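Open the model in your viewer and keep the selection panel at hand. The stops below say what to select next and what is there.

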Amino acid sequence: MRRDQVTAALSPVLVNLGALLLTVAISMGVIAVSGNDPVAAMRALWDGAFGGRTQIAGTLSKMIPLMLVALGWIVAYRARRVSIGFEGQILAGGILATWVGLSFSSLPMVIHLPLAVLAGVVGGALWAGIAAVLWARRSVNEIISTLLLNLIAIQIVNWLVRGPFQESTGTFPRSGPIAPSARWPELIEHTPLSWDFPLALATVFGIWFVLKRTTFGFRLQFTGANEEAARYGGIDTRSVTVIALVVSGALAGLAGSSLLLGGESRSMSDNFSANYGFEGIVVALLARNHPIACIPAALLFALLRQGGGLMEARVGVPSSVVMITQGLVILLVAGSGFLLDQRGRVRVDAEESTPHPPTEARRATVEVG
Amino acid sequence: MAPLLQMTGITKRFPGVVACRDVSFAVEAGEIHGLLGENGAGKSTLVKILYGLVDPDEGRIEIDGREVRIRSPRHALALGVGMVHQHFMLVPTMTVAENVALGLRSDRPPLSRLRRVAAKVAELSQRYGFHIDPDQQVGELSVGLQQRVEILKLLCRGAELLVLDEPTAVLTPQEWQQLRGTMRSLADAGKAIVFISHKLDEQLSISDRCTVLRDGSVMGTVATAETDKASLARMMVGRDVVLRTERPPRAPGRPVLEVHGLHLNAAEDRCLLADISFTIAQGEIVGIAGVDGNGQRELVEVLMGIRTATTGTIRHEGETVTRLTPRRYNRIGAVIPEDRHRMAIALGLSVRENLVLKDFCRQPFSHRGITRPRVFRDFCASLLQEFDIRTPSLDVAMRQLSGGNQQKVVLAREMHRDPGLLIAAQPTRGLDVGAIEFVYRRLLEHRERGGATLLVSTELDEILSLADRIAVLVSGRFVALLENRDIDIQELGLLMGGASEMVAS
């Protein structure tokens with residue numbers, strides 16, 4: 001029994017590790033085929049991500065939005081809602097955070113910064129709230145609504161940085177400088193790493209605790225596992241789901257505020273979300289929807305983001321190789337997840353408890369015809 | 001002459017369990033052979049082996065005296081073994097002929113030979129008295145007729161041995177009678193049928209011989225003409241089973257639930273429930289009899305606040321509770337929903353999580369929104385003991401439990417704190433006799449303690465042996481509300497059945 005438990009706990013770790021090694025191997029193969037030195041490329045990738053204080057700080061700071069968005073995905077997916085609106089929620093959060101950061105510059109930092117961060121959270125929550133209410137009241141599919149809300153948010157930002165928020169010279173599509181009192185202080189001096197990093201880490205553990213140990217977490221889990229049974233059991237599944245979507249947006253909004261109030265940024269530009277809203281989903285996928293596992297998963301993707309630049313500059317490997325690597329990680333990790341599921345399924349079959357139509361049905365339709 | 005199918009010494013092990021242990025049985029052509037056993041006794045593994053879905057570890061399979069290794073369902077069909085699954089594999093928007101033709105190799109590819117298939121279907125339907133029109137859409141057919149289409153599919157593929165996996169689970173009593181006729185005419189035409197069911201009456205009424213499985217081993221094969229219900233039950237469960245219940249007389253207590261003039265209309269003024277009135281007193285079981293789909297589900301959902309009645313009042317212990325929510329209902333009563341997998345449990349969650357669904361937000365299970373896993377654990381452990389739930393641990397997924405144990409989890413969750421009011425909808429659906437006995441005992445104990453019970457069931461026997469009063473629900477109306485004293489089962493059946501024809505027309 002003991003040994004079984006150890007194997008059960010270890011096997012996902014080992015399988016994921018195997019998938020990563022395979023990813024590295026294939027990526028090096030691709031680099032070799034493209035006519036570059038794979039070992040030098042890997043060195044460059046490593047140096048770019050961990051070669052020095054600045055590099056490490058850059059990598060860590062890139063983890064922040066990745067982790068927060070991944071958490072957002074996890075919370076929504078607990079209720080089995082598929083939100084792909086994190087880009088839009090990041091932008092909405094960023095807009096409100098920037099607005100607070102540009103105004104009220106007479107406030108002291110202890111008030112101004114929390115206010116700006118809170119504005120970001122509220123912005124993301126509101127943007128997700130639109131999709132949540134549409135879902136609850138009108139049964140609008142959240143995948144579609146969140147996707148379309150992304151497009152709206154992008155255009156609003158485009159207008160803002162060329163209109164009301166534009167810097168005073170009026171030449172560049174970006175906002176004026178955000179007041180220093182609304183910016184996160186540096187965690188390591190003269191690096192992009194600021195105090196929002198520990199906040200993001202704390203959020204990871206906070207969400208983990210909420211999901212695992214609170215009555216809300218239980219409601220959410222049961223709702224996602226079987227909505228009808230949850231309703232029969234007295235859980236208000238609709239409001240639980242709405243809350244989950246709103247919290248998920250709030251997390252993305254927090255990520256948006258971090259992108260503007262922390263790190264190296266001084267102002268809002270039109271593409272500040274930098275695809276974090278989608279990459280974060282992949283991080284959650286890699287973490288197999290476990291909050292804590294988001295930390296290493298985000299580290300991996302931050303590494304690729306941060307180190308990829310040097311790989312291109314020093315060895316001349318096109319940056320598309322980095323994207324190939326990202327794709328490989330997803331494919332192989334998803335594939336290995338399938339491997340783990342299969343093992344689980346055999347064990348279930350063995351118990352021969354209840355018919356589970358989906359698998360059986362699929363097999364039979366394929367094979368009986 | 002060799003039997004049509006001979007399985008010898010079949011053993012299949014899965015990690016931690018032996019699903020089949022040295023199983024041998026034989027089926028002759030023209031025979032209806034029953035396969036009987038509790039959930040988890042090894043019936044489905046055996047059938048999966050026969051159908052090429054699972055490879056046995058040991059043993060041999062002979063068909064017509066030749067040893068075979070069945071590699072896939074397609075291969076099984078080629079060998080003349082066909083299977084009707086509990087869940088049909090039909091495309092509702094296609095016609096009968098099209099469904100039969102799906103996956104059938106045309107004799108002149110790439111042209112499909114739909115007319116030829118249709119003619120074949122018509123001919124087979126004629127020969128066995130199926131009354132099926134090949135050009136009708138499958139989605140328009142009743143469940144019983146869809147089942148015949150499944151059988152037709154197999155016959156068109158030349159199956160000589162038909163495996164029917166729990167075919168009666170989805171049928172009304174009338175449809176079961178018709179299926180019996182179908183099975184008999186197939187057997188008379190020389191087909192062999194393996195009939196899987198854990199219902200003893202069904203086995204006794206149709207099977208020629210019956211093989212009983214328990215814990216993966218064959219307990220014996222008996223000719224059904226030479227056995228009876230009690231001895232079959234004993235073979236299957238391993239001890240004597242008492243389903244005849246004793247209902248000691250009781251003095252009716254205060255009314256717990258009073259329902260008056262309940263109406264429920266669907267969107268287009270279609271009436272789902274009409275003028276439902278009844279009361280349930282302390283220590284009383286009121287049974288709702290009726291064929292499935294006559295408003296049972298709607299009634300339960302109104303009573304527990306999932307739907308709101310159009311008009312009418314519901315009073316609980318004198319207090320009007322017409323505008324309930326499921327949450328409020330769960331404070332005053334408990335419910336065993338009719339469809340376990342859909343409404344009662346989450347198959348993917350652990351036994352523990354399923355057990356605490358009704359309690360997790362109360363003290364001492366949680367405090368200020370924070371749950372206490374240790375309290376959960378102790379509480380669940382005591383429930384496992386009290387309700388005799390067989391599970392490897394509290395952490396295994398609900399999916400891994402047998403149907404009977406899943407139902408015990410529901411029972412434990414709902415009944416552990418003596419609810420004053422219990423709604424039990426089809427509480428024994430899909431359970432084997434051992435588990436049914438357990439449920440009956442629990443329901444009667446609840447009655448003994450003065451609890452009020454609303455028992456909704458399509459099984460007349462169940463209603464007659466448990467209920468104090470019986471209401472017959474037809475098309476959303478009570479056509480009768482009777483004391484359960486000297487009730488003529490024929491009459492009750494007529495009330496239900498005659499009305500079910502009205503529904504059909």
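How many salt bridges does the count come to over all chains? The rule gives 37, where a salt bridge is a side-chain nitrogen of Lys or Arg within 4 Å of a carboxyl oxygen of Asp or Glu. Side chains of opposite charge can pair when their charged atoms come close.

Before you start: this is a predicted model, where local features need pLDDT of at least 70, side-chain atom pairs count only at pLDDT 80 or more, and totals for chains, interfaces and linings use all residues. Residues are numbered from 1 along each chain as its sequence is written, chains are lettered from A and ligands numbered from 1 in the order in which they are written, and side-chain values use heavy atoms, with hydrogens and water left out.

**Stop 1: the interface of chains A and B**

Select both chains. Here 35 residues of chain A are in contact with 56 residues of chain B (contact means heavy atoms within 4.5 Å). About 4200 Å² is buried between chain A and chain B, and carbon and sulfur atoms give 61% of it. Buried area is the accessible area (1.4 Å probe) that two parts lose on being put together, summed over both.

The interface holds two salt bridges by the rule. Select Glu228(A) and Arg297(B), which form a salt bridge with the closest N and O atoms 2.9 Å apart. The pair runs from helix H9 (residues 296–303) of chain B, where Arg297(B) sits, to helix H9 of chain A, where Glu228(A) sits. Helices are DSSP runs (H or I, at least four residues) and strands likewise (E, at least two), numbered from the N terminus.

Glu228(A) counts as buried at 15% relative accessibility. Arg297(B) is partly exposed at 26%. The cut-offs are under 20% relative accessible area for buried, over 50% for exposed, and partly exposed in between (1.4 Å probe, protein chains only).

**Stop 2: two domains of chain B**

Select residues 5–237 of chain B as domain 1, then 255–341 + 418–504 as domain 2. These bounds come from an automatic or database domain assignment. The C-alpha centres of the two domains of chain B lie 35 Å apart. Domain 1 of chain B puts 10 residues in contact with 10 residues of domain 2 of chain B. The two bury about 740 Å² between them, 54% of it on carbon and sulfur atoms. On the domain 1 side, pick Asn39(B), Gln174(B) and His198(B): these lose the most area to domain 2 of chain B, together 42% of what that side buries.

Which charged pair is here? The count between these domains is one salt bridge. Zoom to Glu459(B) and Lys199(B), a salt bridge with its closest N and O atoms 3.6 Å apart.

**Stop 3**

Select Glu166(B) and Lys43(B). Their salt bridge has its closest N and O atoms 3.7 Å apart. Glu166(B) lies in the loop between strand S7 (161–165) and helix H6 (173–188) of chain B, and Lys43(B) in helix H1 (residues 43–50), 123 residues apart. Both Glu166(B) and Lys43(B) are buried.

Now take Arg447(B) and Glu448(B), a salt bridge at 3.9 Å between the closest N and O atoms. Arg447(B) is buried at 4% relative accessible area, whereas Glu448(B) is exposed at 53%.

**Stop 4: Gln306(A)**

Finish in helix H12 (residues 294–315) of chain A, which holds Gln306(A). Is Gln306(A) buried or exposed? Gln306(A) is buried, with a relative accessible area of 19%. Show its neighbours, leaving out residues up to four places away in sequence: among them are Gly48(A), Gln55(A) and Lys62(A).
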